[in-house]
Amino acid sequence: MHQSRWLITGAAGRIGVALRRHLADRGIALRSVDLATPQAVSEDDEVMTVDLRDLDAMTRSAEGCDGIVHLGGLSDEADFHDLAEVNIVGSYHVLEAARRAGIRRVVFASSNRVTGMYPADTMVDPSMPVRPDGFYGVAKIAGEALCRLYADKFQLLTVTVRIGSYEERPQTQRDLRTWLSPGDALRAFDAAMIADQPGAVFYAVSANTERWWSLNAGKQLGYHPEDDAQDWASFPAESYPPAQPQAGPYAAADFSTTRMNR
Ligand code: NAI
């Protein structure tokens, strides 16, 4: 019987390593790609050094896989040109590699930062218009649009996961709203990898009492978070200024301008 093999981009990153260990424990064969050479997590983990900017290398690395989880790229605000090359063109390469290699499923790691400019008194749902808090958010929106296009035009089963704040424990007042616990992150990817709604988008956030993002879309796809930041924080909750952008410090103009390098 053919064993299913998943290609993981960004395999050497924080979420990549945790997800790969979890998938390996479930007996899933892996092909792990990153610009930095990943360490194999099991005997059936094929490790490759691949640059997302190289379409041919991406396509070769996808051969023989059954699905892709696309985690790779710049994971915070950066110069727009770099974000365009790595995150926008790179996401196009991942989807195009899937199409060329005949891979039907792609899970895309997007971010809460696609809606970071909504004020703190607003409950945001994936059906609401995007309001990015920086160029990183803009690049993630382009990745989401590519996923939608590849679902509608090429019948790929793409699922977008808008990740909250992935941390071992909540560390800031903002984390009380945005925390994604390590366990809930794995639950979110487990759901996304078997979801059957092409083009679906959901927020991967823990079941935080104070959360800003609706869990409804995720629940429909089988994502049922179990952790609440309030139970894990070592500091008391303070009220959040209602008009402040959800992005907090990321919303400031100089958070973007100080990262411009061209
Ligand atoms: P990370 O920064 O730890 O890992 C990203 C990986 O991508 C790194 O191993 C890096 O070497 C690789 N990479 C960078 N440029 C590349 C290129 N040109 N070609 C190939 N690989 C390249 O990020 P983390 O925390 O594991 O996040 C995974 C994904 O989830 C990212 O796409 C990030 O934007 C997204 N995300 C993460 C959040 C978090 O709280 N950690 C929150 C929201 C979204």
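**Reading the ligand shell and a few residues**

Biologist: By class, how many nonpolar, polar and charged residues does the shell around the ligand have?

Modeller: The shell has 11 nonpolar, 9 polar and 5 charged residues. Nonpolar here is Ala, Val, Leu, Ile, Met, Phe, Trp, Tyr, Cys and Pro; charged is Asp, Glu, Lys and Arg; the others, Gly among them, are polar. Keep in mind that this is a predicted model, where local features need pLDDT of at least 70 and side-chain atom pairs pLDDT 80 or more, while totals for chains, interfaces and linings use all residues. Numbering runs from 1 along each chain as its sequence is written, and side-chain values use heavy atoms, without hydrogens and water.

Biologist: Which residues come nearest to the ligand?

Modeller: A residue is near a molecule if one of its heavy atoms lies within 4 Å of it. Of the 25 residues around the ligand, the nearest are I15, D34, L71, S75 and Y136.

Biologist: And which elements supply at least two residues of that shell?

Modeller: Helices (H or I, at least four residues) and strands (E, at least two) are DSSP runs, numbered from the N terminus. Here the suppliers are α1 (14-25), β5 (105-111), α4 (135-154) and β7 (165-166). β5 gives the most, with 3 residues.

Biologist: Which backbone atom lies 3.3 Å from a nitrogen atom of the ligand?

Modeller: A polar contact is a pair of N or O atoms within 3.5 Å; within protein, one must be able to donate a hydrogen and the other to accept it, and residues adjacent in sequence count only if both atoms are side-chain atoms. The 3.3 Å case is a backbone N or O atom of L35. The protein covers 86% of the 820 Å² of accessible area that the ligand has on its own (Shrake-Rupley method, 1.4 Å probe; for residues, only the protein chains shown count as cover).

Biologist: Is Q173 buried or exposed?

Modeller: Buried means under 20% relative accessible area, exposed over 50%, partly exposed in between (1.4 Å probe, protein chains only). Q173 has 19% relative accessibility, so it counts as buried. Q173 belongs to the loop between β7 and α5 (175-178), and a polar atom of its side chain lies 2.9 Å from the backbone nitrogen of E238.

Biologist: What is the phi of Q155?

Modeller: Most residues other than glycine have a negative phi. Q155 is not a glycine, yet its phi is positive, about 60°. Q155 lies in the loop between α4 and β6 (157-163) and is exposed, at 52%.
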